[in-house]
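Let's take a walk through this model together, one selection at a time.

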Amino acid sequence: MVIAAMLRKHSADVYVLPNSAEVGSNWRMGMKKLILAAVISAASFGIATAASAGTLDNVKQKGQVVCGANPGTAGFGVPDQQGNWTGLDVEYCRAIAAAVFNDPTKAKFVPLSSKDRFTALASGEVDVLIRNSTWTMSRETTLGIIWAGINYYDGQGFIVNNKLGVKSAKELNGATICVQQGTTTELNVADYFRANKMEYKVVTFGTSEEALKAYDSGRCDSYTTDRSGLAADRLSMTKPDDHTILPEIISKEPLGPVVRQGDDQWLNLVKWVHNALLISEELGVTKANVDEMMKSENPEIKRLLGVEGKFGESLGLSNAWVVQIVKALGNYGEVFDRNVGPSSPLKLVRGSNALWNQGGLQYAPPIR
Amino acid sequence: MIQTRFMRETILPQEAAPHRTSGVLLWVRENLFSSVTNSVLTLLSLWALYATIPGLFQYLIVDAVWSANTGKECLAENVGRPVGVCWAFVTSHMGYFIYGQYPEAEWWRVDLFFAAEALGIVWLLWPNAPYKFAGIIYFFVIFPIIGFVSLTGSTMLGLTPVATNFWGGFLVTIVISTFGIVVSLPVGILLALGRRSDMPIVRLVSVIFIEFVRGVPLITVLFMANVMFPLFLPDGWRPDSLLRVLVGVALFFAAYMAEAVRGGLQAIPRGQYEAAQALGLGYWRMMIKIILPQALKIVIPNIVNNFIGLFKDTTLVAIVGIFDFLKTIQASLADPVWRAAGMPFAAYIFASLVFFVFCYGMARYSMWMEARLDTGKRH
Amino acid sequence: MSSQISGSHATAKVVFYNDPKFRSRFAQFVLLVAIGLFAYFAYENTSENLRKRNIAQGFGFWDVEAGFDISQTLIAYSAASSYGRAFWVGLLNTLLVSLVSIFFATILGFIIGILRLSRNWIVSRLAGVYIEVFRNIPLLLILYFWYGAVLGALPEPRDSLAIPGDIWLNNRGLLVPRPLIAGDILYTVAALGIGILGAYILARFARRRQAETGERLPVGWISTALIFGLPLLVYLGVGTPLGFDFPEKGRFNLTGGLNLAPEFVAMVVGLSTYTSAFIAETIRAGVLAVSKGQTEASQALGLSRGQTLRLVVVPQALRVIVPPLNSEYLSLTKNSSLGVSIGYPDLVNVFTGTVLNQTGQAIEMVSVTMLVYLTFSLLTSAFMNWFNRRVALVER
């Protein structure tokens with residue numbers, strides 16, 4: 001009561017809240033006012049609205065597919081200064097655009113930091129999130145999102161400066177480690193040091209560029225993220241040759257495209273775009289020979305390329321959907337080579353990402 | 001008994017005043033060496049100036065590298081002399097800093113936007129400019145439409161649409177601060193009127209909004225705009241990420257503008273209200289014709305000061321992933337071609353200069369305006 | 001016209017929609033309905049959206065194991081602690097960096113403000129330059145500058161810069177000797193308490209005595225001796241129970257000692273330099289607000305320059321300075337939320353950043369964070385009201 005009286009007495013003063021009883025409802029009332037104004041100004045500015053029939057219909061209506069992309073991992077997703085995006089994940093988005101519109105350029109990329117990405121997807125800001133995101137159980141059960149496949153099998157590793165003379169992650173006891181906020185890496189590194197009874201100091205940054213810059217300037221002894229990311233990040237350091245990626249893989253990081261839960265049609269589409277890329281490689285359909293392959297007698301190829309059956313229509317696409325994808329981008333192997341494999345600066349080996357019949361884990365269910 | 005023998009009989013010519021009580025020496029003595037402490041402070045300051053100014057001049061201008069194609073070309077071992085700031089880093093990224101990823105062929109549209117804005121600002125802030133009311137209409141209605149159309153594009157007019165995720169750099173900083181002022185000032189005026197209204201519910205709502213917003217940091221409002229706004233809207237509505245931040249910033253500053261305007265409203269003597277009512281004017285006509293013109297005029301300095309704060313705080317949008325001026329500078333620091341020691345210095349000094357020029361200019365304007373408005377009251 | 005006016009007691013008949021009372025009620029009703037509708041609209045959409053996306057709601061996460069580490073923790077915390085604990089860690093980090101920055105910003109601000117008022121032309125101008133530079137550059141840029149450009153350019157641990165007193169500076173931060181406390185330190189703390197209490201009693205006694213007899217006691221000297229001398233004597237008497245843990249070189253970094261992380265140092269330096277410019281202006285405005293007549297009057301009474309300042313100018317200036325000074329403190333505390341930009345684990349970084357990301361519960365995290373800052377601002381207003389009443393001019 002004393003405080004209430006006190007607050008009221010000076011209600012003309014700028015420092016004062018009007019009345020202590022109102023303070024409790026302050027938040028809610030302010031919020032309503034905020035929403036009111038937000039809606040009004042949004043209406044005048046124009047919101048990209050769409051009937052909530054389904055993501056595919058929305059996408060068709062908008063004339064483009066909006067993808068959440070990584071703004072700074074070379075080989076997976078990165079824009080140049082003119083805004084041209086490149087990378088494995090980026091090409092997956094283009095593949096979806098090619099399947100839907102027969103035009104890979106109808107993909108719009110929204111750069112998302114790892115801490116914004118799932119809320120951006122869940123809130124409908126992007127149609128699909130392809131931003132080297134790790135598939136975990138809790139993310140699927142609590143964030144309202146679902147993975148459509150695994151386009152890159154990865155694992156977390158460490159990078160260190162050569163002059164420390166560290167040869168193994170087991171020697172990192174007492175080290176300072178830079179990580180990026182809101183990632184599985186942040187949790188894995190805690191688990192790893194706990195499990196090995198080692199001490200460490202963590203420095204957490206909002207974005208991977210900040211974390212990397214801090215590591216490069218010597219703030220930390222080691223930087224940790226997925227090993228594919230480390231290979232890309234190493235290239236962007238002041239002196240790439242001074243840094244080594246340690247051999248330990250401390251986690252499973254299955255990365256893949258993610259969609260919202262509750263829209264199975266869209267989930268199927270994204271999932272089968274991924275599978276089609278794999279099957280094309282498996283059957284030897286490439287960007288160069290796809291026209292010839294249309295004449296192939298192999299029933300599997302016939303079904304894949306829509307010469308036989310109506311598999312594309314069942315996804316809500318045209319039956320030539322795979323032809324559209326492969327003509328624009330090639331198969332999984334070609335996309336891999338161009339962005340992260342031997343033809344790229346990253347020079348990553350296929351490893352786990354080889355096809356299942358070549359000793360890898362990439363295995364697509366058949367089209368039939 | 002008293003001897004008067006020593007009395008002088010001739011008048012001496014007038015002598016000049018002692019050096020110590022006039023001219024430069026007096027000034028120096030009075031202002032710089034009036035006491036021991038003062039002398040020590042003066043000497044210390046002179047020493048500090050001597051120690052920093054020539055060095056800074058050398059570092060920023062004489063030794064600076066003005067042209068280079070990579071960061072390595074700015075290093076001392078490659079230039080072959082001691083090097084200062086690598087301005088080449090700034091000049092080579094200038095287009096990116098100003099326009100972000102806006103397509104180069106369309107840069108003229110951004111320039112048009114800047115020019116339209118400059119016209120509006122000069123019109124409004126130059127006290128002797130003619131047609132003030134038309135200026136207000138231009139800045140708050142016509143200019144936003146011109147700006148919106150020229151930046152986003154329109155297929156009808158043959159302008160290629162440019163999505164907001166291509167906008168960046170100084171353009172975004174200006175867009176956010178402009179949107180902030182164009183929306184927050186009218187909303188702020190409404191809130192200020194609401195806070196002084198006779199209607200209890202209107203007053204309550206205004207007070208709660210103002211105090212709530214002023215009690216939280218801008219960054220939390222931006223987080224809210226970023227992660228919570230989309231949840232409030234029906235499924236399928238997708239407010240643009242830049243738009244969300246614009247709304248957050250505008251609402252945030254509306255609360256501060258409201259307080260500035262309220263100060264002006266309180267300063268208007270009661271007689272003005274009573275006279276307006278005696279003339280039979282209704283509430284809105286009284287406010288628009290009598291009270292607000294007077295109140296807003298006296299709070300122009302406060303509004304400009306608020307705007308300086310808004311302009312500086314636009315940098316926070318970088319934290320929620322919008323590529324404003326500072327964020328493009330940060331991002332270009334990650335450019336592997338330019339990664340080298342000393343680049344952050346060049347980048348941050350450049351950014352500081354830009355912000356300083358704008359903010360200090362506005363601050364001087366506000367002081368000048370304050371002095372101008374004050375003349376009537378001085379005795 | 002005239003008949004209406006002369007009709008005196010008969011109230012003029014107005015159509016109901018022209019009645020101001022009705023209009024006012026109607027306008028308020030419309031506003032309430034509009035707010036209610038939007039609240040309903042937002043609530044419906046939010047719950048629909050959350051349900052559809054299977055996002056958890058409520059505060060069930062509070063006791064769940066967090067699983068991540070935090071670089072600076074004032075209370076015991078590990079990856080096995082709960083999200084709730086992480087909240088407290090973040091909150092304490094916010095308070096720590098705010099309090100330390102307030103301390104330095106106040107000292108720096110007072111010094112710059114006094115220098116700005118100095119009659120020494122060159123000193124005043126230099127202080128002016130300092131104020132204008134820091135007031136006209138965004139805080140975020142200042143933080144980036146200190147963190148990225150200055151601290152980032154410091155040498156590596158093995159080439160640490162040595163500062164006399166076993167203090168080391170490198171790109172891992174500032175290492176200072178850590179005080180080690182042995183058992184008997186309590187006596188010294190007690191002595192400090194007694195000293196402060198004694199000084200307080202002495203001050204009251206001296207004031208009464210001055211009121212009665214007009215004599216002034218050398219309170220300042222005696223108080224200093226009580227507050228600093230007494231604990232020192234006790235400290236030496238019980239055999240210097242305080243030791244220091246000095247930094248030493250380890251494999252990755254200097255170990256031991258107290259390591260202040262670069263993020264923390266950059267936050268403190270950035271917040272203090274930025275806020276001190278505003279505080280300096282506040283101080284200047286406060287001192288200038290005391291009218292010249294006050295100074296002249298006290299000089300006419302024969303008070304010395306120091307006495308004039310201490311007994312006449314400062315008490316009056318403080319009345320003007322304290323309210324804006326407090327709002328500077330509050331905005332410094334709010335500004336500490338920028339820690340997220342340079343990796344300082346403050347409340348916003350830990351809670352609205354990492355915890356929000358691991359749980360996905362945006363509404364809970366943002367609301368809790370906002371409530372914390374609202375509480376700060378409420379407490380500040382309460383203090384301001386208390387202060388304003390306390391120092392309000394009592395006019396006769």
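**Before you start.** This is a predicted model, in which local features need pLDDT of at least 70, side-chain atom pairs count only at pLDDT 80 or more, and totals for chains, interfaces and linings use all residues. Residues are numbered from 1 along each chain as its sequence is written, while chains are lettered from A and ligands numbered from 1 in the order in which they are written.

**Stop 1: the domains of chain C.** Colour 18-54 as domain 1, 83-165 + 261-391 as domain 2, and 178-245 as domain 3. These bounds come from an automatic or database domain assignment. Between the C-alpha centres of domain 1 and domain 2 of chain C there are 40 Å.

**Stop 2: where chain C touches chain B.** Show both chains: 46 residues of chain C are in contact with 42 residues of chain B (C-beta atoms, placed from the backbone, within 7 Å). Which element gives the most to chain C's side? Select helix H2 (20-52) of chain C, which gives 13 residues. Other elements giving two or more residues include helix H12 (347-359) and helix H13 (362-391) of chain C. Helices (H or I, at least four residues) and strands (E, at least two) are DSSP runs, numbered from the N terminus. Chain C's side of this contact divides into 27 nonpolar residues, 14 polar and five charged (nonpolar: Ala, Val, Leu, Ile, Met, Phe, Trp, Tyr, Cys and Pro; charged: Asp, Glu, Lys and Arg; polar: the others, Gly among them).

**Stop 3: a sheet in chain C.** Four strands make an open, antiparallel sheet in the order S1-S2-S3-S8 of chain C; strands pair if DSSP finds at least two bridges between them. S1 (161-163) and S8 (258-260) of chain C are at the edges with a single partner strand each, so one side of each has no neighbour in the sheet. Now zoom in on S2 (167-170) and S3 (173-176) of chain C, joined by three bridges. Pick Trp168(C), whose bridge partner in S3(C) is Leu175(C).

**Stop 4: a sheet in chain A.** Here five strands form an open, mixed sheet, ordered S10-S9-S11-S8-S12 in chain A. Select S9 (175-180) and S11 (222-226) of chain A, which run parallel and are joined by two bridges. Ile177(A) has Ser222(A) as its bridge partner in S11(A).

Note on methods
Two residues are in contact if their C-beta atoms, placed from the backbone, lie within 7 Å.
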